[in-house]
Amino acid sequence: MKELRVEADRKYMQTVQDFVNEVLEENPECSRKDVLEIHMVVDEIFGNIADYAYDDKPGPVIIAVDTDEEGVIALTFSDEGKPYDPMSSKEPDVTLPASKRSIGGLGIFMVKNVMNELDYEYRNGRNIFTMKKRIGGNHA
Amino acid sequence: MLNIKTDLKGEAIAISLEGLLDSQTNPKLNAVLEENLGKVREVVFDLANLEYLTSAGLRSILKAQQAMEKKNGVMTVRNVPKDIMAIFDSTGFSALLNIE
């Protein structure tokens, strides 16, 4: 397992993307589509933490990536900010016309669509959000 | 990485996107939209070379669509790659955009 610790600030977005991408590149099973989907997931989840987890000064975020022999990648974001379950956000109404649309909740909705498993817990003052995806081949 | 090509002719603008449209690159597109949406009545997006997008990208596209609807203009989205079409479908964007 590899870990990266950064401040919850959007200025570290590329650092986080590069860190996750490096782990993916070590896995020959990982397709370009997997890379793009995980890139989107990092953009959504790290962005949310940077925007909302801490009120005043940004605190830490730890990003952990792990891949197993069965071709499952596990991506965990943990922070010490306000307790927040990303899966509790209201599902967006995807049937509204453009004039009534907002983007709230769309990011996590897209994340749910590309990851196979999501798990949130609040433990010892930390939000721990783990997402798993089966990479390679034509798995969902 | 996102490359943007624009072609402004009178009250119409064609915008071609190449690369990734995410939270890091969408400020670049937002700047183009801010500069031009007030001047035009027609927007044509060409997504042939757009590799992927995140909700930040959807936000920019929605902003352009809303701006055109507000002034009875037209927005068209062309050459949508398969993986991006899948995102438009799942998020309901394929119903609210005029896709050719």
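**Helix H2 of chain A**

Helices (H or I, at least four residues) and strands (E, at least two) are DSSP runs, numbered from the N terminus. The expected span of a helix is 1.5 Å times one less than its number of residues. Helix H2 of chain A, residues 32-52, has 21 residues and reaches 30 Å from its first C-alpha to its last, close to the 30 Å expected. Of its 21 residues, 16 are buried, where buried means under 20% relative accessible area with a 1.4 Å probe and protein chains only.

**Basis of the model**

This is a predicted model, in which local features need pLDDT of at least 70 and side-chain atom pairs count only at pLDDT 80 or more, while totals for chains, interfaces and linings use all residues. Residues are numbered from 1 along each chain, chains are lettered from A in the order in which they are written, and side-chain values use heavy atoms, without hydrogens and water.

**The sheet of chain B**

Chain B holds an open sheet of four strands in the order S1-S2-S3-S4, with mixed pairing; two strands pair if DSSP finds at least two bridges between them. Its edge strands, S1 (2-9) and S4 (74-78), each pair on one side only. Neighbouring strands are turned by 15° against each other on average, direction ignored.

Strand S3 (residues 42-53) runs parallel to S4(B) and is joined to it by five bridges. In S4(B), B:Val77 stands opposite B:Phe45. Helix H2 of chain B (residues 55-70) lies across S2 (12-21), S3 and S4 of chain B, running at about 170° to S3(B). Such angles run from 0 to 180 degrees between N-to-C directions, with axes fitted to C-alpha atoms, for helices over the stretch in contact; contact means heavy atoms within 4.5 Å.

**The nonpolar core**

A nonpolar core is a set of buried Ala, Val, Leu, Ile, Met, Phe, Trp, Tyr and Cys residues joined through side-chain atoms within 4.5 Å. The largest one has 71 residues, and those with the most contacts inside it include A:Phe77, B:Phe45 and B:Phe88. H2(A) gives the largest share, nine residues. Leaving aside residues up to four places away in sequence, A:Phe77 touches A:Val42, A:Ile45, A:Phe46 and A:Ile49, among others.

**A buried aspartate**

B:Asp22 sits in the loop between S2 and helix H1 (26-36) of chain B. B:Asp22 counts as buried because its relative accessibility is 2%. Not counting residues up to four places away in sequence, B:Asp22 touches A:His39, A:Asp43, B:Thr54 and B:Ala56.

Conventions:
Buried means under 20% relative accessible area, exposed over 50%, partly exposed in between (1.4 Å probe, protein chains only).
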